[in-house]
Amino acid sequence: MTGDEACAEGALAAGCRFFGGYPITPATEIAEHMSERLPGVGGTFIQMEDEIAAMASVLGAAWAGQKSMTATSGPGFSLMMENIGLAACTETPCVVVNVQRAGPSTGLPTMGAQADMMQVRWGSHGDYEIIALAPCSAQEIFYQTITAFNLSERYRTPVFIMTDEIIGHMSEKVVIPPADQIRAEDRPKPQGRKDRFLLYKPGPNGVAPMPAAGDGYNVHVTGLTHDEKGYPVMSIEAQEQMMTRIKNKILNNLDDIIITEDHHLEDAEIVIVSYGISARTSMAAMQQARAMGWKVGFLRLVTVWPFAERQIRALAERVKAFVTVEINLGQIHLEVTRAAAGKAACHLVGHHGGAIISPDKVLAAIEEVL
Amino acid sequence: MYKQITITGFGGQGVVLAGRIVGQAAAIGDSLESTLVQSYGPESRGGACSAQVTIADGPIYFPYIQNPDILVCMSQSGYDKQYPSLKKEGVLIVEQDLVKPTDGRDHFAIPCTRFAEELGNKMMANIIMVGFLAAITEAVSLDAARATVAESVPKGTVEKNLKAFDRGWEFAQATLKGRRHKAAGQIGVVA
């Protein structure tokens, strides 16, 4: 099946029962597949009037107690930004898939890119943390979509799956395990007296249990700065308390959230850093480099945000250089450079968008560094 | 084992479906790994399009094909564009009535569009080509390819499409037989 289909199947396996979307190449197949499959499992599919409304519907479904998602690409992603900020502020669990295509604006609708990596991190206004995963195959899209739902439920936060046109439309073998082998997490539910309930009072991992509207708890959801009750409070203290909670529930759980994959890092002098479709280019390049006896390793970022800063910083102490491979003109490359803090050279193998990067280009860059 | 197959043609010929059938047959029927990437323009009919299928017995990292082992051309423009990329020892397969190879290179040819018309629907040319490709190259097994064809075509057309597949398969067997005889110096002898 295609990466897009694998994403929809992963969502269903994770327990997603609401999809609100608006069709856009190259993400349409996710919506299509969900529209076919959701009614059969008691779920709801709605095609909204645009991406702004699509994102709003996803938040509404989440507060009604459903695991909910949407899928889009660049132009739609831009429209969703306002309500993505609302999701971050109201700590609403949901999953947003961005099957990236070349931009800016309408760009190249049928051709892939990885140029929304900074937009996903900072696209909505204000300070906040999000989680973004970048799987590199149809099989991994299936599993990471489940992971995305689990993380969003565990941390009450929007979680993003950043794929691209190439893996979205590529067909590969996907093995779907039996349902009893899939671990689908649900958000912690509040317990205790309903009249003393506080909507944003953090639990042990810094995350507040979340009721659904209609469960009998007092649920007040606002994008204004709010106190633990959820009521608007226009004070610097309330802002500080809210922001600390929103930031720390992610920053204090980095080891639980950040997934990376190491290849030949033990003796590596040069480390390729990559994610998503470009990780496949990087794997091919690394294998060719090793076959020639070059000491090249590969750090694959499965979780791109929060950024694997500690891993890069530790590697920078002992490697000669990093080579970041991504289909943009240097987004995660800047993060690698920042984390390396001058202790290792940082190079970019980038692309303007519209095509995969070939392993030859990566090898050429490595040869130059050697 | 690592086999790279590029199928080219124009939109509407079922090039991508042909690629999908080959890839799916290998991945599911033959328990191998496969990837399919495709390229096409914004138009759904008439524009150039291609399907790139990689089949391997291990992981496939880079899914795009620079120099195919097998090149299938369903249109002249596809041939003109892709032919230079074919590996030296690679196998060239063409739609006999639509593609005129421009050099004397050895190749396999099948008039699959004409055969499809004879079977009652020219839309099945791609399925005939899949049968031909499977038999000539052994990239996928007969059982896997047939079963995948049956799963991939619209309900109610399965029998017709299997017939089309078999037409391609049988034409390939006849072609191969002819070549064996030719190689044995028995030109003109009917076996």
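Let me start with contacts in chain A. Take the ones with a separation of 6 or more: residues 24 or more positions apart account for 76% of them. Keep in mind that this is a predicted model.

Now the overall build of chain A. It has 13 helices and 14 strands. The C-alpha trace spans about 70 × 45 × 40 Å along its principal axes. What radius of gyration would a compact globule with 370 residues have? Near 21 Å, and chain A has 21 Å, so the two agree. Buried residues make up 53% of the 370 residues in chain A.

Next, the domains. The assignment for chain A gives domain 1, residues 3-181, and domain 2, residues 261-369. Their C-alpha centres lie 26 Å apart. The contact between them takes 23 residues from domain 1 of chain A and 21 residues from domain 2 of chain A.

Look at the domain 1 side of that contact. Five elements of chain A each supply at least two residues: strand 5 (108-112), helix 5 (117-122), strand 6 (131-133), strand 7 (158-164) and helix 7 (165-169). Which of them gives the largest share? Helix 5 of chain A, with four residues. By type, this side of domain 1 divides into 17 nonpolar, three polar and three charged residues.

Now into domain 2. Start with strand 13 of chain A. Five of its five residues are buried, so the strand is largely enclosed by the rest of the structure. Remember the general rule: in a regular strand the side chains alternate between the two faces of the sheet. Here both faces are covered. On one side sit A321(A), V323(A) and V325(A), on the other F322(A) and T324(A), and all are buried.

What does strand 13 of chain A pair with? Strand 10 of chain A, in the parallel sense, over five bridges. In that pairing, V273(A) stands opposite T324(A). Strand 13 also pairs with strand 14 of chain A, again parallel and over five bridges. There, V323(A) stands opposite H347(A) in strand 14.

Helix 12 of chain A, residues 332-340, is another enclosed element. Seven of its nine residues are buried, so the helix is largely enclosed by the rest of the structure. Those seven are I332(A), H333(A), E335(A), V336(A), T337(A), A339(A) and A340(A). Note that the list includes H333(A) and E335(A).

What do these buried residues pack against? Helix 5, strand 10 (270-274), strand 12 (303-305), helix 11 (309-316), strand 13 (321-325) and strand 14 (345-349), all of chain A. After helix 12 comes A341(A), with a positive phi near 50 degrees.

For contrast, take D215(A). The residue is in the loop between strand 8 and helix 8 (236-251) of chain A.

On to chain B. The contact between the chains takes 15 residues from chain B and 13 residues from chain A. On the chain B side, helix 1 (15-29) and strand 2 (33-40) each supply at least two residues. Strand 2 of chain B gives the most, with six residues. The chain B side divides into nine nonpolar, four polar and two charged residues.

Strand 8 of chain A, residues 171-172, is joined to strand 2 of chain B by two bridges, and the strands run antiparallel. E172(A) stands opposite T35(B).

Last, the largest nonpolar core. How many residues are in it? There are 176, and V22(B), M129(B), V130(B) and F132(B) touch the most other members. Helix 4 of chain B, residues 125-137, gives the most to this core, with 10 residues. Domain 1 and domain 2 of chain A both give residues as well, so the core lies between them.

One close-up to finish: V22(B). Leave aside its neighbours within four places in sequence. V22(B) is then in contact with I5(B), V53(B), V130(B), L133(B), A139(B) and V140(B). V130(B), one of these partners, was also named among the core residues that touch the most other members.

Notes: Residues numbered from 1 in each chain as written. Chains lettered and ligands numbered in written order. Predicted model: local features only at pLDDT ≥ 70, side-chain atom pairs only at ≥ 80, totals over all residues. Contact = placed C-beta atoms within 7 Å. Nonpolar A, V, L, I, M, F, W, Y, C, P; charged D, E, K, R; others polar. Pairing = 2+ DSSP bridges. Core = buried A, V, L, I, M, F, W, Y, C linked by C-beta atoms within 7 Å. Buried ≥ 20, exposed ≤ 12 C-beta atoms within 10 Å, placed from the backbone. Domains from an automatic or database assignment. Rg over C-alpha atoms; globule rule 2.2 N^0.38 Å.
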